[in-house]
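Subject: Structure for you to look at

Hello,

Here is the structure I promised. Please open it and keep it beside this email as you read.

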Amino acid sequence: MSMQEEIDEVEDENWKSLVPPLSATEEQRIAWFREKMPKFEILKSNNLTRLFHSRVKEFFNSGCETQFFITWISPAGSFGRREFFMLESLFKAHPTACLMILSRSMDSGRGHRILKPLADRGFKVNAVTPDLAILFNNTPAKAWFKGMKSGNKDPGEIPLAQNLSNLIRLAVLYKYGGVYLDTDFIVLKPFTGLKNSIGAQSMDMETKNWTRLNNAVLIFDMNHPLLLKFMEEFASTFDGNKWGHNGPYLVSRVVENIGKQPGYNFTVLQPMAFYPVDWIRISRLFMKPANRSDSRWVQDKLLQLSGETYGVHLWNKQTRNLRIEEGSVMGSIILEHCLICQHIYSS
């Protein structure tokens with residue numbers, strides 16, 4: 001194997017070792033976490049991470065139409081074509097935006113090589129290693145983070161990286177303002193005019209009231225009080241054993257509890273904005289039409305998505321192993337919204 005392949009294999013093995021053991025008791029997980037904590041690089045501060053705030057400010061001072069953030073708490077080697085399409089679609093819709101990738105692994109030689117095709121075309125994209133102690137300071141997240149690093153808290157069965165991503169997106173928008181996007185989201189049109197907004201994932205068809213929100217797309221000004229509420233809820237109700245408890249369910253709980261209290265000033269967008277296809281039906285978007293009826297459905301779906309939809313959440317848990325088939329809705333979307341447009345049907 002080449003040296004890079006050996007490095008990638010070691011990196012992947014390190015990440016795999018950071019997944020909590022199945023069917024462990026709370027005490028066993030806490031003991032496991034205490035033992036593994038030295039390997040959790042994301043929790044550490046060093047000379048590079050301490051430059052986090054100055055690197056963020058310097059990057060966004062270069063003149064940005066919009067500030068975008070994504071997180072990547074996985075090996076750089078697993079940042080694949082699907083994730084890169086997301087970046088292409090973002091810059092296709094927002095060519096003068098700035099995108100910061102909060103990631104230790106992408107803030108590396110390999111990460112910069114992955115991003116180079118976009119940087120070479122003049123797009124403003126940069127990966128920066130976050131310093132969580134700095135990022136969470138002066139927020140409700142600080143006490144939770146300190147407690148977690150003490151080694152006395154249960155991280156839960158769900159990989160801690162997933163829950164850290166849920167918290168990092170709230171803190172970075174609170175500190176700097178802008179747009180947070182999940183990496184399994186394809187941008188279809190500019191977010192022009194959207195301000196302090198969160199999207200509904202589902203709604204009651206009779207009452208037209210939302211039934212669940214999602215945190216895959218967040219658009220908020222700096223110091224917005226709703227973000228503060230989200231972080232307070234995360235810190236006070238953290239549960240690493242329930243999928244979604246610290247993410248989609250959290251934002252839904254908080255917004256429901258706030259109701260129509262004054263002083264928050266935000267908008268809940270209808271599902272068509274960011275979640276036009278739910279996770280149960282998303283796989284159909286990847287399939288080529290088998291007959292004339294399917295072809296009409298593809299054309300109708302593309303027409304529908306060209307209306308009120310700003311982007312499509314791909315529900316990566318359901319679709320990461322699906323190939324984009326030629327003639328499918330996804331194939332058409334990528335062809336229309338890509339910039340470099342390589343290897344579309346092999347991803």
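This is a predicted model: local features need pLDDT of at least 70, side-chain atom pairs count only at pLDDT 80 or more; totals for chains, interfaces and linings use all residues.

Seven strands form an open sheet. Their order is E3-E2-E1-E4-E7-E6-E8, and the pairing is mixed. Strand E3 (124-128) and strand E8 (267-269) stand at the edges. Each has a single partner strand, so one side of each has no neighbour in the sheet. On average, neighbouring strands are turned by 35 degrees against each other, direction ignored.

Strand E6 (residues 197-203) and E8 run parallel, joined by three bridges. In this pair, Gly 199 stands opposite Leu 269 of E8.

**A helix across the sheet**
Which strands does helix H4 lie across? Helix H4 (residues 81-93) lies across strand E1 (67-71), strand E2 (98-102), E3 and strand E4 (178-181). Its direction is at about 155 degrees to E2.

Start with Glu 233, in helix H9 (residues 225-237). Is Glu 233 buried or exposed? Its relative accessible area is 16%, so Glu 233 counts as buried, the cut-off being under 20%. Leaving out residues up to four places away in sequence, Glu 233 touches Phe 238, Leu 250, Arg 253 and Val 254.

Then find Arg 121, in the loop between helix H5 (109-119) and E3. Arg 121 is partly exposed, with a relative accessible area of 48%. Arg 121 and Ala 97 are 24 residues apart along the chain, and their C-alpha atoms are separated by 13 Å.

Best wishes

Terms used
Residues are numbered from 1 along each chain as its sequence is written. Side-chain values use heavy atoms; hydrogens and water are left out. Two strands pair if DSSP finds at least two bridges between them. Helices (H or I, at least four residues) and strands (E, at least two) are DSSP runs, numbered from the N terminus. Axes are lines fitted to C-alpha atoms, for helices over the stretch in contact, and angles run from 0 to 180 degrees between N-to-C directions. Contact means heavy atoms within 4.5 Å. Buried means under 20% relative accessible area, exposed over 50%, partly exposed in between (1.4 Å probe, protein chains only).
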